[in-house]
Amino acid sequence: MKKLEELRADLDRCYAESTCYGRGSLVPFAQGLQPVDDWICPILDYAGFFSYTPRSKLFLAREVLAGNMQIDEQLVRIFYSCPDCGVCDSLCPLPHLEISRAMKERIAEEGYIPEPNRKLNDNLRQNHNVFGAPNENRARWAKALQIPKQGKVLYFAGCYHSYRQPETARAVIKILRTAGIDAAFLAGDEWCCGLHAGFSGNRDLEREMANHNMKVIERCGAEKVVFSCASCYRTFRTDYPQLSSYSFEVMHIVEVLSELLKEGKIEINSKGEQEVTKVTYHDPCHMGKHHLGRGFNLYKAPRDVIMSIPGVEFIEMQRHGLWADCCGGGSSVVSSAYSKVTKYLSQKRLCQVQEDVALLTTCPRCVENLKRAVKDLGRRVIVKDLISFVGERIK
Amino acid sequence: MGSNLVSRLKAIVGSEHLTDSYVDRRAYAYVNGFGGDFSYILPDVVVLPESTEEVSKIILLANETKTPVVPRGAATNMLGVNVANRGGIMMDMSLMNKTIDIDEGNMIVTADAGCSVYRIMHDLDKIGLEFPVAPLFTSAVQIGASAACNISGLHMTRFGRIGDNITGLEVVLPTGEIVTLGSGAYKSGLGFYHRYTGGPDLIGLFVNACGATGVITKVAVKVRPKPNFLGYLAYGWRRDQARDLTAALDKVQRNPVYDCYLTNHWFYTKRAEVLGLPPDAHFLACFTIDGHNEEALAFERDRVTRISEEHYGVAISGLAEFLVAPPHYRIWTAVTPWIKREQTFYFFGPVRKFADIYDLFEEVTTKYGFWNYEHRPMWFSFHGRNTINPFPMIMMNNPSDQEELDRIRRWWDEFNTRVVEMGCTQYNLGDAFPKENYEALGPLWDLTRKIKRFLDPNDIMNPSETYSGDTA
């Protein structure tokens, strides 16, 4: 996690190849990735102006670093309205995500952080969750489940699944228990992973969250930590190792589930709460693009799980994997400060799904944004977390 | 620029498609090359038209108020031709990207100016057709700007630059009129099947003009079926064998191979071992060959092999397949992981002068202290039937080092002027180039400027010293 000053050499390296914001693909095609008809950088699609392109952002960051440009409202908008989906970072050898975060850190240090993002960070600092709710309420979903606080396998529920989508958290425990795994849960000792802090320019706060979480996880004796939130998974996988070393293994529940299915330890029923015959899957940026090159991208495991669900037909979306359009949430940085961007991008993504198809995903932010898009557009699409969808169908 | 003009522009394109913020304008001042990279000449306003009619209205307004207009695509041109030298309106063509019409019968693709060339290539690929030029750069590159700058690329040996394949254009003249050029001008609906309409070839007025004579809003390009039988050969030559290489290139291209691509070893130094490059190979030539069947392909392979070996080329197995075979075209992506910022310019020269041009490259590059690994004086060239299109590059050690920048600038100016003195031609026109390079054209340059003045009496279209300097 470098400061802007430490990224000078990277900023100087841009030679304007401009793979980072094009439409369609041949260069990515060349790298052995699947071709796509008409991809465009999401924030460029929304805003239209070249100044929003990843290439331009490198240049603007270089100008700020050189002292040639003052931070103003438009510069803040350019950096904070980008959902940091990570396609540019995947296509270009330059570390776009790192530069974006370093630039936002500079903007925040100079006091220009958008007010909604500052408030979310205040929530983190004061209540240790993004919603500003009392942190002990984090365990409400688990009240009747008698989950231990110590154990070799720990479930890290994250803010969204603890407060807003508890059905997914409960589904995780159900899946693990069905397979004979008695997972622990930290309850009120679990803090937000710090993703929003890191992506809104307050990396000290992210570090504070990370240090706490790593300390309590080590203390509970966990050898493996399981996540249901794509963002928490991403933060532990890619950010935490840069902050401190840890000895536990990090897995998303969809990886665990995929293994359990292969081992025959879980059986999925065809009947859930709603009758569904066709499903598709939305790849969250935090499960894929953010890990490209690091080998943590999870494109196969969710598909393996879906293929194991009896009675449903899987329809792959034209844009999937690397090319899956972002839902626009942008680590809650965008959805809180530039909600119109999120609305535009989530609706665009939703329109790529056929009616009467269940849209499954593994990120609570994506679930929330896409559900809102369903409501706004009045489309007949069920949006669900894959894990909760499976949880309903466990015998 | 007055607020009245801004509000009239907003009325044309809508407020969401106009910006006059400093940060946005600064971003549009940036071009990765001399003439733009270090320039702080900002447009006054940036607009994103969505239709030819909007472009026309903008130009009419600009004419009325004598406001400069610079049309711009993805800004990957490195010669500084898309900079708002005199402020005014920067017209970003990106939103004019709605239509790609493939006429399979006539094998013509017609697309809005803002359409991605790679998107067009991808659409063609799905039905077994191929775009004439495989550009070096990326999916951001737009068809209108590609025509305006007349891009070159792989397959140029057989098919020429994009301009050689254009059969029609829709343009907005500097006076705001919308004109269709080529057979598409007729109302018959038969489309852009032929470039010529009986009179002079007016398409050429807009190709390679970088927007100085009008705004290209639609482009029609000849395409072709993908070849069934392609083969690849690569040979290496030592530095002291430049004349042997020249002779080989000349002979191979007389009966033009599908494509010829040449680099020096600096380009792939970091991958030399992986690519199996002979340690003393300074020049690397990749030939793409074709044939209508296996037998014809074998005949062509024998011909190129014989010529290369007669001229002491050393065969390099697998290199050409890796670098120039579709769909990968790794010539550039093979080096991007470690490339640094570089400065380049591009020009054209006769194949037969290759050795002399390269000697000059080494001489000037050595003079300015860049003939070393640190600055990796890379050279690659696309090849026309009898021409080479070199891209000599100096890798920058530190783009913020003013001394190094000044030195590169002097290298750039001297090499640029001297290749033109030799008889080579420039790729584009622009203020970044030495004035002598235009004046060397004599009466042709006078004619060019007369035409510019005729078409654009108020000098609003991409104005620059190049066209309207003191003697205009």
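Mentor: Start with the term: two strands pair if DSSP finds at least two bridges between them. Strands (E, at least two residues) and helices (H or I, at least four) are DSSP runs, numbered from the N terminus. The model is predicted, with local features needing pLDDT of at least 70, side-chain atom pairs counting only at pLDDT 80 or more, and totals for chains, interfaces and linings using all residues. Residues are numbered from 1 along each chain as its sequence is written, chains are lettered from A and ligands numbered from 1 in the order written, and side-chain values use heavy atoms, without hydrogens and water.

Take β19(B), residues 387-395. Eight of its nine residues are buried, meaning under 20% relative accessible area (1.4 Å probe, protein chains only; exposed is over 50%, partly exposed in between). β18(B), residues 378-383, pairs with β19(B) in the antiparallel sense over six bridges. The two form a hairpin, with three residues between them. In this pairing M378(B) stands opposite M393(B). β16(B), residues 342-344, also runs antiparallel to β19(B), joined by three bridges. Here T344(B) faces M393(B) as its opposite residue. β17(B), residues 347-350, is antiparallel to β19(B) too, with two bridges. G349(B) stands opposite I388(B) there.

Now compare the open sheet of four strands in chain B. Its order is β1-β2-β4-β3, and the pairing is mixed. β1(B) (18-19) and β3(B) (69-72) stand at the edges with a single partner each, so one side of each has no neighbour in the sheet. β2(B), residues 45-47, and β4(B), residues 89-92, are parallel, over three bridges. V45(B) is opposite I89(B) in that pair.

α2(B), residues 22-29, touches β1, β2, β3 and β4 of chain B, where contact means heavy atoms within 4.5 Å. The direction of α2(B) makes about 75° with that of β2(B). Axes are lines fitted to C-alpha atoms, for helices over the stretch in contact, and angles run from 0 to 180 degrees between N-to-C directions. α3(B), residues 52-65, touches β2, β3 and β4 of chain B, at about 170° to β4(B).

One link leads out to chain A. R26(B) meets E63(A) in a salt bridge, 3.2 Å from N to O. The rule asks for a side-chain nitrogen of Lys or Arg within 4 Å of a carboxyl oxygen of Asp or Glu.
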